[in-house]
Amino acid sequence: MSKHMFSDIRVPIDEDNPSIKRIEEKCIKCGICKGICKGSLSVYGYYNLENTGNRAICIGCGQCSISCPTNAIVEQYDYLKVKEEIKKGKIVIFQVAPAVRVSIGEEFGMEPGSITIGKIVSALKKLGVKYVFDTTFGADLTIMEESSELIKRINDKDTLPMFTSCCPAWVKFVEIFYPEFLENLSTCKSPILMEGSMIKNYFAKLKNIDRDDIISVALTPCTAKKYEINREELKGDIDYVITTREFARYIKEENINFKDLDDSSFDNLMQEGSGGGTIFGTSGGVMESACRYAYKILTGKDPSDNLLEFNDVRGLSNVKEAELVINDIKLKLAVINGTGDARKILEKIKNKEVYYDFIEVMACEGGCISGGGQPKVNMPITPDIKNKRSSSLYEIDKNNKSRVCYQNMDIINIYNNFLNEPLSDVAYKYLHTTYIDRSNELNKKEGI
Ligand code: SF4
Ligand code: SF4
Ligand code: SF4
């Protein structure tokens with residue numbers, strides 16, 4: 001029998017998949033994973049095992065895992081390796097992605113959307129983590145660079161529409177199925193990789209720590225990021241990614257009473273994120289944050305109220321469209337959830353049926369709040385649960401003293417002391433990346 005048993009019923013998963021794995025004895029062959037991968041992701045059914053050399057094509061999103069009713073598909077576990085590193089006395093540094101703070105409480109009997117950031121930091125410190133930083137800082141860095149890149153592309157009449165690049169599953173989707181659009185991807189690294197780079201190349205120097213002594217870990221809602229950190233051009237800045245579910249498991253195994261933990265704060269240097277950095281965790285958040293800063297770049301003024309609550313790009317709809325006029329520049333925007341809908345839009349762009357300047361794509365429906373590594377305590381993960389997680393991110397944004405990346409003191413300091421300005425040579429060196437045409441994966445012969 002082929003190594004992909006029952007591939008007519010369920011989605012094939014290779015043994016060396018860095019994001020997910022299947023536990024055979026738990027699989028009831030219900031076929032839900034296949035439906036998800038084919039439908040909202042538009043991956044399964046768009047390749048043929050006979051042509052790929054019997055390799056499954058996977059963008060790592062983990063949506064099959066979040067939907068599997070028996071937990072037969074799970075993330076590749078890395079938390080035990082992190083535990084080992086802590087035991088060895090390594091300098092373990094964590095960063096915590098936005099969507100984790102509004103979902104992990106569900107694992108401990110709390111309501112969906114409970115904001116638990118202080119407890120997360122306390123739990124990490126109890127486990128022996130030396131420094132804990134906020135990925136919203138990395139998200140702010142991303143916006144500093146990405147909005148600047150968008151304006152530069154418009155001014156230089158360079159390739160448009162520009163696509164966001166913070167979702168590694170989306171990036172891989174483009175690389176495999178639509179390499180003709182590689183130039184459209186923003187060259188910005190994702191927030192965790194920008195922050196990972198700053199931890200090993202900036203923080204380490206300031207603290208006089210050898211970067212090789214640091215074990216850098218990202219706590220994220222995402223299974224695709226397990227693959228992303230090992231991409232050849234990104235390797236080395238982050239050592240492990242663990243998901244929200246893995247972290248909850250780790251806490252339970254260590255008998256930490258998460259619900260009763262006091263709050264602790266993030267550590268200095270990458271302690272602060274703006275509200276705009278926080279809403280990266282939900283669909284439309286990257287777009288909204290980028291528009292806030294683009295407004296500042298083009299007008300020199302703080303964004304007006306309609307950009308601090310940009311309702312046209314909020315919500316769970318699979319495709320959201322908006323227009324924004326700043327000075328005499330008119331921007332046509334689209335926000336897409338799910339690579340299935342992205343495929344339809346890419347086809348329309350190819351056929352010149354639609355035009356956009358800037359497109360945000362997240363592989364998971366609703367964005368990272370619904371990531372493949374998020375809690376599965378309340379099944380199915382209904383729109384109500386997604387809305388509660390998302391509303392809490394908007395609430396954090398609303399209550400934040402800084403709402404836009406350039407108002408974040410930690411961002412001001414790192415540009416003053418290290419990066420100079422957005423799109424500077426130093427910024428390009430540490431915060432930007434390149435992409436690869438992977439379309440040959442669709443047409444390989446066995447063994448090659
Ligand atoms: S969804 Fe889970 S149980 Fe159903 S076929 Fe896929 S792996 Fe098996
Ligand atoms: S992780 Fe995503 S792309 Fe990979 S098999 Fe699952 S649903 Fe399909
Ligand atoms: S939407 Fe977020 S959680 Fe889902 S694959 Fe993309 S980055 Fe990961």
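1. **Ligand 2.** In this predicted model, 16 residues surround ligand 2. The closest are Cys37, Val43, Cys58, Cys61 and Cys64. Two elements give two or more residues to this shell: α1 (32–38) and α2 (63–67). By class, the shell around ligand 2 holds 12 nonpolar residues, four polar and no charged.

2. **Ligand 1.** The shell here has 13 residues. Closest to ligand 1 are Arg10, Cys27, Cys30, Cys33 and Cys68. Its make-up is eight nonpolar, two polar and three charged residues. Note the charged residues: three around ligand 1, none around ligand 2.

3. **Strand β10.** Is this strand buried or exposed? Five of the five residues of β10 (residues 358–362) are buried, so the strand is largely enclosed by the rest of the structure. Phe358, Glu360 and Met362 point one way. Ile359 and Val361 point the other way. In a regular strand, side chains alternate between the two faces of the sheet. In β10 the residues pointing either way are buried, Glu360 included.

4. **Neighbours of β10.** Which strands pair with it? Strand β5 (residues 162–163) pairs with β10 in the parallel sense, over two bridges. Phenylalanine 163 has isoleucine 359 of β10 as its bridge partner. Strand β9 (residues 329–337) also runs parallel to β10, and five bridges join them. There, valine 335 is the bridge partner of glutamate 360 in β10.

5. Helix α13 (residues 339–350) belongs to a β-α-β unit with β9 and β10. The unit is right-handed.

6. **Helix α6.** 10 of the 10 residues of α6 (residues 168–177) are buried, so the helix is largely enclosed by the rest of the structure. Among them are Trp170, Phe173 and Phe177. Lys172 and Glu175 are buried too. What do the buried residues of α6 pack against? They pack against α8 (224–228), α13 and β10.

7. **The whole chain.** There are 16 helices and 10 strands. The radius of gyration is 21 Å, close to the 22 Å that the globule rule gives for 448 residues, so the chain is as compact as a globular protein of that length. Along the principal axes, the C-alpha atoms fill a box of roughly 65 × 55 × 40 Å. Buried residues make up 52% of the 448 residues. Of the contacts with a separation of 6 or more, 76% come from residues 24 or more positions apart.

Definitions and conventions
Residues numbered from 1 in each chain as written. Chains lettered and ligands numbered in written order. Predicted model: local features only at pLDDT ≥ 70, side-chain atom pairs only at ≥ 80, totals over all residues. Near = placed C-beta within 6 Å. Helix = DSSP H or I, 4+ residues; strand = E, 2+ residues; numbered from the N terminus. Nonpolar A, V, L, I, M, F, W, Y, C, P; charged D, E, K, R; others polar. Buried ≥ 20, exposed ≤ 12 C-beta atoms within 10 Å, placed from the backbone. Pairing = 2+ DSSP bridges. Right-handed = clockwise from strand over helix to strand, strands pointing away. Contact = placed C-beta atoms within 7 Å. Rg over C-alpha atoms; globule rule 2.2 N^0.38 Å.
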